[in-house]
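Here is a short briefing for a first look at this structure. Keep the sequence and the 3D view at hand while you read.

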Amino acid sequence: MKPHNEQLITTLKALIEGQVCWRGVCNAPYEVVCWEVEEKGPSLENFLVDNQGLISFESDYFFDRLRHSQTEEAIAHYQTLLSLLQTHLSELKIYGYRLLQLPAELKEGFPIEGGWFGTLGIPMFVGLSTGGEWIGLTLEQSNGIGWSPTFASVDLESVSESTAQLVEEIRAIVSQIEHEIKEAEEELSIETDWGVVVTATRQELMQKLLEQTGFLDVAEINDFFEVSDEIEEYYQKIAELEAEIENLKQQGNSATEELEEKQQELTEQKEGLAELKTEVSFELELRDFFASQLLNSRNYNLDFCVGDGGESCTVHYALGQTQENDWIGVVTTSYTL
């Protein structure tokens, strides 16, 4: 491992030692993540494959798994789909998407496991069209309360004519596939609708596909720490009170009851800020680490909807780039069951 990465990891491990995440109804620990791009590849697809979130299938094994869980009609439509994709896409990959392999400390107590979607997983296909665009497709996930993701359709005017035609043919086939998750059919919230995306590069394909089908949410890094909004509200209120106090003094109201009330409120706000900073000192230190030591930091949330009432299980990543463009950060989990 690169010396600079080792130094960052040592600092992170010291920061997270003994700390837990209180999202949802659990109190999961934090674990350090390091992804060295030169060794393992630059994309989310590489990351998920390496951590068993994407399992690659040869076509024969894929259909063998289908026969264990799908109707003959669905299998026939899958055969038509795969024949179309094999004819028109190069570098075609058949994946099963599932919960990725978690560190042992995070697996303990987490309600779902790697086999949550059965031995097949959620079928996913990616490949390169003759027009030079990358195409990906997989099933959409709902949030369990009658809502499924609604996304802008692929802008077929922005892609090559051959790719636009292929996307239309794909949509016509997948609209007929009634995919079943028999291993846990009463709990899962998988739609029969399919998401289809087209991107210019393979590196951006997996993120966009998972976002558009409801499995991934990418947010600003401060969303990971959960305390930034409350801290900022204190700072804003303090600044407003200080401005009001200064204005009252300039008007010659230096001994009025209103001024005294504002000064008392300012004191209370500062005390509240100090108390909050003490309570969330770990989150603030972690936030400062990302701000000072890493670049392009983001919060990646892998979401799995598991109940009819919107219950979910989520793997939360906070990741940022090092000077060598590797990715370093922390991971934790939460659930609402």
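The model is predicted. Its secondary structure comes to twelve helices and twelve strands.

**The chain as a whole**
- The chain has 337 residues, and 49% of them are buried.
- Take the contacts in the chain with a separation of 6 or more: 73% of them join residues 24 or more positions apart.

**Helices α5 and α7**
- How do α5 and α7 run relative to each other? Their axes cross at roughly 165° and come within 9 Å. An angle over 145 degrees counts as roughly antiparallel, so α5 and α7 are roughly antiparallel to each other.
- Helix α7 spans residues 161–174.
- The crossing of these two helices, α5 and α7, is left-handed.
- On the α5 side, the contact is made by H77, T80, L81, L84, L85 and H88. On the α7 side, L166, E169, I170, I173 and V174 take part.
- By class, the residues of this α5–α7 contact divide into seven nonpolar, three polar and one charged.

**Helices α4 and α5**
- Helix α5 (residues 72–88) also packs with helix α4 (residues 59–69): their axes come within 11 Å and cross at roughly 165°.
- α4 and α5 are therefore roughly antiparallel to each other.
- Which hand does the crossing of α4 and α5 have, left or right? α4 passes α5 in a right-handed crossing.
- From α4, the residues in the contact are S59, F62, F63, L66 and R67. From α5, they are I75, Y78, Q79, L82 and Q86.
- The α4–α5 contact divides into six nonpolar, three polar and one charged residue.

**Helices α11 and α12**
- Helix α11 covers residues 257–279, and helix α12 covers residues 281–293.
- They pack at an angle of about 75°, with their axes 4 Å apart.
- Angles of 65 to 115 degrees count as roughly perpendicular, so α11 and α12 are roughly perpendicular to each other.
- K277, T278 and E279 of α11 meet S281, E283 and L284 of α12.
- The residues of this α11–α12 contact divide into one nonpolar, two polar and three charged.

- Strands of a sheet pair through backbone hydrogen bonds, either parallel or antiparallel.
- Here, an open sheet of five strands has antiparallel pairing, in the order β3-β12-β11-β10-β9.
- Which strands form the edges? They are β3 (31–35) and β9 (216–220), each pairing on one side only.
- From one strand to the next, the twist averages 25°.
- Strand β10 (residues 295–305) pairs with β9 in the antiparallel sense, over five bridges.

**Two asparagines with positive phi**
- Most residues other than glycine have a negative phi.
- N296 has a positive phi of about 50° although it is not a glycine. N296 lies in strand β10.
- N325 is not a glycine either, and its phi is positive, at about 70°.
- Where is N325 found? N325 sits in the loop between β11 (312–321) and β12 (327–335).
- N325 has a relative accessible area of 46% and is therefore partly exposed.

Technical notes. Residues are numbered from 1 along each chain as its sequence is written. This is a predicted model: local features need pLDDT of at least 70, side-chain atom pairs count only at pLDDT 80 or more; totals for chains, interfaces and linings use all residues. Side-chain values use heavy atoms; hydrogens and water are left out. Two strands pair if DSSP finds at least two bridges between them. Axes are lines fitted to C-alpha atoms, for helices over the stretch in contact, and angles run from 0 to 180 degrees between N-to-C directions. Angles under 35 degrees count as roughly parallel, over 145 as roughly antiparallel, 65 to 115 as roughly perpendicular and the rest as oblique. A crossing is left-handed if the near helix is turned anticlockwise from the far one by less than a right angle, and right-handed if clockwise. Contact means heavy atoms within 4.5 Å. Ala, Val, Leu, Ile, Met, Phe, Trp, Tyr, Cys and Pro count as nonpolar, Asp, Glu, Lys and Arg as charged, and the others, Gly among them, as polar. Buried means under 20% relative accessible area, exposed over 50%, partly exposed in between (1.4 Å probe, protein chains only).
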